Structure formats: structure tokens, C-alpha cells
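Hi,

Here is the structure I promised to pass on.

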Amino acid sequence: MPPYEDVIIVGGGPAGAYCAHELARNGIRAKLFDHSHPREKPCGGGVSKNAIEKFPFLEEFRSQGNTTSALRIISCTNKEAMVMNSSLGFNLSRQFLDEQILNMAMDAGAEHIKEKVINVERIDDLWQVKTAKRCFTSKIIVGADGINSLLRKRTIGKIDRKNLGLAYGYFVTGIEKIPTTLKFIAEIPGYIWLFPRAKSTCIGIGSELKYGIFLKRILDDFIHSKYPNVNVTSNYAAMLPWATDPNFFTKSRLSENCILIGDAAGFADPLTGEGILYALWSGKLAAEALAKNDLRLYDQLWKAQFGNYLQGRCKQRKQYFNPSFMEILVATQNLKTKVNLFKDKIHLPLRRAER
Ligand SMILES: Cc1cc2nc3c(=O)[nH]c(=O)nc-3n(C[C@H](O)[C@H](O)[C@H](O)COP(=O)(O)OP(=O)(O)OC[C@H]3O[C@@H](n4cnc5c(N)ncnc54)[C@H](O)[C@@H]3O)c2cc1C
């Protein structure tokens, strides 16, 4: 008999859907609330090699995306380096990726309730979840409802502004054959990305929330100078976890029988913004803690398995976003050798920073 029969998960992105999948494998049939599917999420859709190594099922989706066998790095002064590596990750549409993971969860036995949760309340040791049509109760609730998480606000509180990033960008067509590109910027700690996918390219720029007002201008200038003829199909602006305070990764993600995972927990790489890996990872660890009937185990697991690493990444921010740092790397004739040394990392400058 599983310890919990009545787990509710709010949010069916990668974190919630994968958590539901893992719970189902342990005999726990979660009710997964998400009104949004199918939908495209503002996201580069970059699935890193690390993510594929940790979650090999992702490899099955490669054929639907665009493999990042070449990574172009452009420094603040527009010097370029091309990194060829056939073992990097791939970029794909979030509509496709998220649907696949949701289908995996349902095939394993999770129940998808296609309704938006409009309120959550704690009543007599139970969580009461309201949608526009119905009301549900559950002993345990998993908050997988993304960066604007209702569950997070209701339990441990919103993510501080200093630990939030803002991204602005466009989905464009006409440049699907370009290499995956990262362009670093002197004005702000952040970068522009161009992630070509099968049918479109996601172009964006991300930085700390406080630099948000500069993003559109910097990105538009770049596109205008490099790709004046792209066909913009839509634009987006979205927040993401982007921690500047290393202590962010020492705090609990549990409260009152509520477990926060993925973006709701603030789990993304403080240098690159990579979040899909940590969404899946935290979803898996939450399911493991629930299956063992030990919620506190969740905090121990995420801190040990990736929290300390993300804290270390956070401490490297100054060095990573120092303009001269990238200039040196790009200018170094031995860049290719260095890349090969660290070819398992998309974000090669970091490894150097760690030394
Ligand atoms: C512009 C941008 C680019 C990015 N690029 C990359 C990248 O290339 N690679 C990478 O690894 N990461 C990237 N990220 C980060 C990545 O998108 C997130 O970390 C990841 O999607 C987190 O997954 P999640 O399941 O926690 O949240 P989400 O994917 O945000 O899913 C949350 C789900 O909860 C649902 N939800 C919310 N509220 C409710 C409610 N009240 N009731 C019911 N359902 C609800 C939403 O509909 C949504 O489906 C990017 C982020 C941004 C903003």
C-alpha cells in the first residue's frame, strides 16, 4: 500500500509531469492540474548534454529537435569562436517536449485534470484545491506551478527580486540553419541566445530582473545588425529563477505538507538559466521522498544532489559575466582544445572559472 493515495500536483510542465510519472511508478496515482496544454512556453528549449545523461529518455526526442553540434560564442566585442562538438544537446519546441512528458505521466497512471487551480487553502491538515468548477482535498500537495507559483506564495513566500531574472525575445523563422549561439554583453550580466529548432529559432536575452528595461533595446540592436531579415512570428517576456544570492540554495522548499519543485522552487542554473534539467530532477526527488513517506528527505536530496552545485555556480557569477573573461576565452587559440577537455559541458567558460 503506498503511503499517500491522494497527492495533488499543481502544474504539468516538466517538473510536475515528471513527478507524476515517478509517483505512478511507485504506485501513487497523482492528480495533476494544468489547464494550459498544448502550448508553447517561452523557452529556448535547449536540452543540455547533462540533462540527457541524467534523464536518458530525453534522447528519444532528439529527432524532433535540432542537434547543437556547433556552438558559436560571441564575446562582448563581437569576436567569435566556433565550438564543434557532436555530443552536445539539442533544442526543441516546448510544446512537443512538455506534451511528451505529460503523456509519459498519464501512460504510467497519473490523472491529468485540465483545469486551472484558482485557490489553495489549508483546512484541518488538508490542502483544499479549487478550480472554477470543482474543489478537491489532499493531504499532500506538490507545487510545480512555475515561476509565478501560487503554492510558493501560499507557503514559503515569493522568490526575492534579487533571485529572479527576466528574459525577452522572439520566435523567428528563416535562420534555422545557424549554429546555436551565445552572445555575451558588456552592459549587463547576461547573454543573448539563438537556439535554432526544427521549424523556428528562439532568440532571447536574459539578465537579472533589475536590468529588465535594457533587454529589448540590446536584443533589437543585435538582431538588426546581424539578422535584419528574420521573420518574427511572436515575441515574449518571461521571468525565470536567476539567483544572485548563494544562500538561496540553502533554504527549505517544504512547508505544511507542500513540496515545491522546478521553477516554483527556484531551481535553475544561476549562470545559464538552464531549468529543464532541474525541473525533472526535483520532480524525481520529490516523488522519491513521497514514496518513502519522508517529506524532509526531499530537502536533503536536492541540496546534496544539485543544490550545492547551484550554490557554487551562483558564487561564480562575477567572474563569468566579466567581459574580459569571455574575450580571453574566445581569443585563445587553444579554445578548441579547451572545449574538447570540457566537452561534456555546454557552458564551457564555467569550467575554467572553477579552476
Ligand atoms: C525565455 C526562457 C528561456 C529558457 N530557456 C531554457 C533552455 O533553453 N533550457 C532550459 O533547460 N531551460 C530554459 N529555461 C528555463 C525553463 O523554461 C524552466 O526552468 C522550466 O520550464 C521549468 O519547468 P517547470 O515544470 O518547473 O515550470 P513550467 O515549465 O513553467 O510549467 C509550469 C506549469 O504550471 C502550470 N500552472 C501554473 N499555474 C497553474 C495553476 N494555477 N493551475 C494549474 N496549472 C498551473 C502552467 O500552465 C505550466 O504548464 C528558460 C526560461 C525562460 C523564461
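First a bit of bookkeeping: two strands count as paired if DSSP finds at least two bridges between them, and strands (E, at least two residues) and helices (H or I, at least four) are DSSP runs numbered from the N terminus. This is a predicted model, so local features need pLDDT of at least 70 and side-chain atom pairs pLDDT 80 or more, while totals for chains, interfaces and linings use all residues. Residues are numbered from 1 along each chain as its sequence is written, and side-chain values use heavy atoms, with hydrogens and water left out.

**Strand β5**

β5 (residues 70-74) pairs with β14 (residues 180-184) in the parallel sense, over four bridges. In that pairing, L71 has T180 of β14 as its bridge partner. β5 also pairs with β6 (residues 80-84), this time antiparallel and over five bridges, and I74 sits opposite E80 there. The β5-β6 hairpin has five residues between its strands, and N78 takes a positive phi near 70°.

**The ligand**

The shell around the ligand holds 36 residues (a heavy atom within 4 Å), and D34, R39, G46, R94 and D263 come nearest. By type, the shell splits into 16 nonpolar (Ala, Val, Leu, Ile, Met, Phe, Trp, Tyr, Cys, Pro), eight charged (Asp, Glu, Lys, Arg) and twelve polar residues (the others, Gly among them). β17 gives the most, with three residues.

Now the polar contacts (N or O pairs within 3.5 Å):
- An oxygen atom of the ligand is 2.9 Å from a side-chain N or O atom of R94.
- For the side chain of K41, the distance from a ligand oxygen to an N or O atom is 3.2 Å.
- A ligand nitrogen lies 3.5 Å from a polar backbone atom of F33.

On its own the ligand has 1,000 Å² of accessible area (Shrake-Rupley, 1.4 Å probe), and the protein covers 91% of that.

**G275**

G275 is in the loop between β19 (258-260) and α6. It is buried, because its relative accessible area is 16%. Leaving out residues up to four places away in sequence, G275 touches F267 and A268 (heavy atoms within 4.5 Å). G275 and A51 are 224 residues apart in sequence but 9.7 Å apart in space, C-alpha to C-alpha.

Cheers

Terms used
A polar contact is a pair of N or O atoms within 3.5 Å; within protein, one must be able to donate a hydrogen and the other to accept it, and residues adjacent in sequence count only if both atoms are side-chain atoms. Buried means under 20% relative accessible area, exposed over 50%, partly exposed in between (1.4 Å probe, protein chains only).
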